[in-house]
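I opened this notebook to record what I looked up in one structure. The entries follow in the order in which I made them.

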Amino acid sequence: MHERLDGEISSEHDRVLTEHLQTCPDCQRHMDELNRVVYLVGTLQAMPVPAGFTERVMFRLPKPKLKSGVQRWLRRHPILVAAALFMILMSASLLSGYNDRSAFSVTEHPGMVVEGDRVTVPAGQTVKGDIVVTNGDLVIDGKVEGDVTVINGKYMASTANVTGQIEEIDDTFEWLWYTIKDGTKKLFTFE
Amino acid sequence: MDTLIHKRIKQVLKGDQNAYSDIVNSYQHSLYHVCYRIVGNQQEAEDIAQEAFVRAYINLHTFDPKRKFSTWLFRIATNLCIDRLRKKKPDYYLDAEVPGTEGLDMYSQIASEERLPDEEVERMELKERIHYEIGRLPEKYRTVVILKYIEELPLQEISDILEIPLGTVKTRVHRGREALRKQLGDV
């Protein structure tokens, strides 16, 4: 009976059922009652949806955030995001170094005289190694066997007795370039 | 209709929230009606149907466009209905199956609204009576009977919505029909 009600009855079963129902009033009544149930349930009409239903649903939806467009873009371009993040972090670390450069500093070597923010290599003295002066002036009267770098200061030498390169830096970009060059050099020499 | 719905889904996923109102308009009648017949009253039915639409919206990115949207939406709604019915009754000791009734537990026996006095039942109009008797069916049978005979869905689709095997759907439809037959014997 249920096979028939489900619409899945084979023609063989259908024939057997029909024959049986003709001779068995109890089963016929059962079948009629089941058919009636199906019919009755089917007569239930759709309940009208309360007015303003769609509006209330739309009102309950989470508001689209302004950020969502940006977020979606970020999610779609992970490599660009990674590159941008790398750039930001790189420049931040470089610039943070630039910003606290106001302090005076010098690479110490024996024989150098430091007075305030003025460094002197007196006449007759020989400094072996590189000299870096930050936020100060450098006066060389003696001899330097190495490179000389002056950041945000003046380099003064009466007799240029420097065996290495001489650099004066007082511009952000030059400083940046110097830091990168220096960093790269350190990287490759494992200092 | 499915093509239009899939188009709207794409628009919503791209950020066009207003496109969702077309989806709501398309399914609100059938969804609300099914909820109403399962939970039995209009206030809760509206609440659940709305909640189903909101959840579908929030989880729309998880919807597989190769499938039927209505099946997915009805699954959300019927789950909410069933949760609601279970919350109404304490279920700590009722989950145990009653011996000899496969798939029928204590609480599905009392899940239906309380039984009304006979005189009151006799005074009901026919439609009211049918609704009342469906509401008295155990939740497991009620849901499949509603999807089959009110929503007129194929058994396979009911199986997909409720995520239960086709054979189980058939068994529940049979039992639901038999139970209703007995309950409606005097009509």
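**Entry 1: Salt bridges**

I searched the whole structure, which is a predicted model, and found 22 salt bridges over all chains. I then looked up one of them, in which the side chains of B:Glu46 and A:Arg56 meet at 2.5 Å, N to O. I noted that B:Glu46 lies in helix 3 (residues 42-58) of chain B and A:Arg56 in helix 4 (residues 53-60) of chain A, so this pair joins two chains. As a reminder to myself, side chains of opposite charge can pair when their charged atoms come close.

**Entry 2: Two helices in contact**

I next asked at what angle helix 3 of chain A and helix 8 of chain B pack. The angle is about 75° between helix 3 (residues 25-42) of chain A and helix 8 (residues 139-150) of chain B, and their axes are 9 Å apart. I therefore recorded the two helices as roughly perpendicular to each other, since angles of 65 to 115 degrees count as such. Helix 3 of chain A makes the contact through A:Val38, A:Val41 and A:Gly42, and helix 8 of chain B through B:Val145, B:Tyr149 and B:Ile150.

Finally, I looked up the second largest pocket, which holds about 360 Å³ of space. Its lining has 12 residues, and A:Asp130, A:Asp147, A:Tyr178, A:Asp182 and A:Lys185 lie nearest the centre of the pocket. Which helix gives the most to this lining? I found that helix 7 (residues 172-189) of chain A does, with five residues. I divided the lining by class into eight charged, two polar and two nonpolar residues.

Conventions:
Residues numbered from 1 in each chain as written. Chains lettered and ligands numbered in written order. Predicted model: local features only at pLDDT ≥ 70, side-chain atom pairs only at ≥ 80, totals over all residues. Heavy atoms only, no water. Axes fitted to C-alpha atoms, helices over the stretch in contact; angles between N-to-C directions. Helix = DSSP H or I, 4+ residues; strand = E, 2+ residues; numbered from the N terminus. Parallel < 35°, antiparallel > 145°, perpendicular 65-115°, else oblique. Contact = heavy atoms within 4.5 Å. 1 Å grid on protein atoms, 1.4 Å probe; cavity = no way out; pocket = protein on both sides within 12 Å on 5 of 7 lines; lining within 4 Å. Points joined across faces, edges and corners; volume = space filled by probe spheres on them. Nonpolar A, V, L, I, M, F, W, Y, C, P; charged D, E, K, R; others polar. Salt bridge = Lys/Arg side-chain N within 4 Å of Asp/Glu carboxyl O.
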